[in-house]
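Hi,

Here is the structure I promised to pass on. Have a look at it first, and my notes follow below.

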Amino acid sequence: MTTLLEIKSSVLRQVQACPTFRRRAEGEPAATSADPPEPAAGAWKPGDGVEFFAHMRLILKKGEGRQGLPRPEVLLRSGSPAPAEPVDPSRGLRALTQEEVEMLYEEALYTVLYRAGTMGPDQVDDQETLLGYLQQVFGTSPEEHAEAIERVKKAKAPTYALKVSVMRAKNLLAKDPNGFSDPYCMLGILPASGAPREPGPRTEQRFGFRKGSKRGGPLPAKCIQVTEVKSSTLNPVWKENFVFEIEDVRADQLHLDIWDHDDDVSLVEACRKLNEVIGLKGMSRYFKQIVKSARANGTAGPAEDHTDDFLGCLNIPVRRDTGMSQRGRAGFLSYMLLLSRLLQFEHRSEEPKASCWRGELSGPAATILCLHGAQNNLSALQLAVLHWQVSSRHHQTRTLDYGYLLGLLEDMQAHWEEASSLPQGQEESLADSFNAFSEFGLRLLRQLRDFFPATNSTAVYRLELLLKCLSKMQIFQPSFEVCSFRTELNADISAALKRGNREWYDRLLNTKSPREQSGPQRLAGLVELADAVYEDLQSCYGIYASLFHSITDIDFFTLTFRQLERLVAEEAWVLTEELSPKMTLEVASGLFELYVTLADIRRFWSSISGRDSRSLALAGIHGPFLPAVKLWLQVLRDQVRWRLQGAVDVDTLEPMDASSKHSSSAATASLCFSHIQELWARLAWPDPAQAEALGTQLSQDLCAATLFYTELLRKKVDAQPGAAGEALSEPLCVVLNNVELLRKAAGQTLRGLAWPEVTSGPEGVLPRPLLGCAQALDEDLQQEVHTVTAHLTSKMVADIRKYVQHISLSPDSIQNDEAVAPLMKYLDEKLAVLNSSLVKENLSRVLEALWELLLQAILRALGANLDVSADFYGRFHFTLEALVSFFHAEGQGLPLESLKDGSYKRLEEELRLHQCSTRECIEQYYLDKLKQRSLEQKRFGRLSVRCHYEAAEQRLVVEVLHAADLPPLDANGLSDPFVIVELGPPHLFPLVRSQRTQVKNRTLHPVYDELFYFSVPAEACRRRGACVLFTVMDHDWLSTNDFAGEAALGLGGVGGIARPQVGGSARARQPVTLHLRRPRAQVKSALRMLEGRTNKEAQEFVKRLKELEKCMEADP
């Protein structure tokens, strides 16, 4: 019993109504042979189909990555360095002449030698280090370097200027009644000599890059300058810039006062008057006034109501700030050339990851550029513009990191509010750099797939940064008044992408399928081309589309898909028209593979929400491929048979491994069917009518191949040596598992072959032809499983009968469990073997077959032992209950509903009847008649009667009214019917004789209207099984009467017996229509019980019934 505890599945039952493939095949002349039909030769290559299915697997493998929409994490497979971008030395800044290089070198030396101020923490303060660095940059010899330094030292010393920016103040004193102040700043230079410097024109010339260039006018600043007044605040923000001339950068100081404005005097006028102070005496008087105001803490007398209040002062030594000199426009150009020279020196192409260089300058380079920018009074915007111009040009000659270029654009954007201060020449230079970079970027986008492959995450990131750079440049367009660079960059990008798509496609076409080749030669290349286009579209959707849409608002995927899909469709149309007259198996195979990829492309478009494939160029391309697809499916039919034949030939009918219970041929067949289903899904034939024809033929071929395989298996197992002598044949178990596996595989494949119907039916319902094939195949395979199961269990019949006979022959003296033990042990051993050899579904089928065998064996034993002791039947009753428990296995085996059905009910009834008395058996006989239902109510006709009980007279009144639709029992097609009316069981009505109606000649619808009276007590009518039995007979003059049918009416529900008759005439009661029937098996079982009994009452009852049966026809 322990074996069945492991069983966890129930019996799978299906009733199919359509004709089976096997029965259809039996009606065909070609199926009369006992051997299975052989596959047709000449398809693909005769053999075992291995090569054909290997090619099919290659087609399917291509489709593995085409399930659903592509995901970026799947496409990005490589993190290696991005492909090198094209560089052109001519796209950089123009090459300098030797004289210009020498002048730039001296300019850089001048910047270092006449530097002023204190260096920052990240800058180089050592002059020799800076000079040595410049010598390396310009590649001069020590002698040339020394001579250049001497020439620079002999040049005029520079005039220094201090640039001061007053930004903000915090937490100032409150001088006004409202709790705030109106602060402003006054600032000026305290010279080392103690006297303020007077403004005046500068006549000195200092060394400049362009010899002979003249300096501009005098400095725009005055000795003392003032900021704006910020009203009612203690935390003013000014952000104002001032420039002061400096004579002694080591001793001069910047002096700054903060005042609270209290009068209405214009600050500009006050500042003008202060600047009229001449000499040390006037300046001393001014600062004494400041001291006086400070001592009075900002208070003044009545005469000084409009005097400003002093808030504080600050002295800043000039030596702490970087010195500056104004050198005019030449400083912008020289900075550009110097920066370009330094970038070329710092960016060494031979170093690893040179293309990822982010412009990180060394300490000396950064220090020199900082000094040069400060000394030339270049603004933050000018510096940002210069770095962008030089770096963007340098990138086109030697690749930089796009993140660095994007950072330069963002830096320039941060200072773009000062764009109006750019001179025209600098604005034109910036626009030129934008145009040059745009042209460079568009050229890269034309070759998108070469320089930014979708499988390379590094390259894709570079593309993202490039697009951001191009998009960022659009921000600067509205500010260009004098000139513009590009007004429609997005349109230019779209045009570049379209041109790049066409160039990529033409290059691919010329490589894989050149037009000068013949059609069959071009076909294989066109398949590769279509595959490449599909992969490219996957990359466009999964990688490129999101970048272009989010950054440039360009629908790159739609643009590319429409263009490439149209090009591929045109090429396919031309080639199919050329190859249609030359259709061969090889051409059909190539066209089939090509169409599968084209269908994938069309399905890819449809899988995106909101896309309609009917507008595509590929929408109607399936038509020219139809002949090739039909021919290929015929090849597939033959190759499947060859493959199955070869698989069965090498099959040893042993399990493949410990985890599986089927053999190798079943796995091969299941894999073949799976490939067919996948290919049909990939085919996705769009025309419903053509798809129905293709799908119907394919499903029929599949069903035929499945039955072909089962016949091969049956022959294989029959040829196994020693199979007939084994008690349990392992090959039979393997065959059973193989058929079950193939049944599931074929059913799943057939469900996967559904096609779109012309008239759409309910969702999930298979088309009718396919549903018919599936049902017919399932019925055939169920029959095959039943045959193999019966063959398997037939080897156990003799043993089962032997153990059941042991139970029947066991003496009454031994216990029931001891009598049943040998049978239970045998079953436990055999089912352990079956459990290890069969899959769950087949084990359930075998258990059901064994259960039926056991029930039949017990019934056979009961029939062979009549009139035995009650212990004999009790022992078998115990056996039956033990077997039910064994096969149910606490819910893990067969369900109780299945166990206690069919033969079980019959056996249980016989056991129960054997334990009953004779009269109880007779009562059961009549109860069975009352319970019997007519399976075909119109077959034997019907009888109308009326019945009631007259309590006063103590009699039962039975009225036979009429009959209808009786069966014709005479040669003339009619009958001579009469009705026998009797009460039963006989022991309840021992004195009552049966009565009969008159004979109605030659009719099937007799009318009787006859009354019959039976004097019986009401108590007897209420007894168990009491009934009126109506038997319709056909009267024959020359032979025995023929039995037409019978019906029984229970007396327990007759009026006057169940309840007293209340008023009215009894004849007014509604008649009862009884359907005539023939005795069934459950009625005859009680009769068999009585036949085996020797007492007089049983024998007389049986004798009387047999006399009646002589005139009855057998149940058809």
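Helix H31 (residues 918–931) lies across strands E9 (977–984), E12 and E13, running at about 95° to E13. (Contact is heavy atoms within 4.5 Å; axes are lines fitted to C-alpha atoms, for helices over the stretch in contact, with angles from 0 to 180 degrees between N-to-C directions. Helices, H or I with at least four residues, and strands, E with at least two, are DSSP runs numbered from the N terminus.)

This is a predicted model, where local features need pLDDT of at least 70 and side-chain atom pairs pLDDT 80 or more, while totals for chains, interfaces and linings use all residues. Numbering starts from 1 along each chain as its sequence is written, and side-chain values use heavy atoms, leaving out hydrogens and water.

The sheet itself is open, with four strands in the order E10-E9-E12-E13 and antiparallel pairing (to pair, two strands need at least two DSSP bridges). E10 (995–996) and E13 (1042–1050) are the edge strands with a single partner each, so one side of each has no neighbour in the sheet. Eight bridges join E12 (1027–1034) to E13 in the antiparallel sense, and Phe1030 has Ala1047 in E13 as its bridge partner.

Elsewhere, Asn456 sits in the loop between helix H14 (448–451) and helix H15 (457–473). Is Asn456 buried or exposed? Buried, at 6% relative accessibility (the cut-offs are under 20% for buried, over 50% for exposed and partly exposed in between, with a 1.4 Å probe and protein chains only). A polar atom of the Asn456 side chain lies 2.9 Å from the backbone nitrogen of Thr458.

Cheers

How values were computed: Polar contact = N/O pair within 3.5 Å; in protein donor to acceptor, adjacent residues only side chain to side chain.
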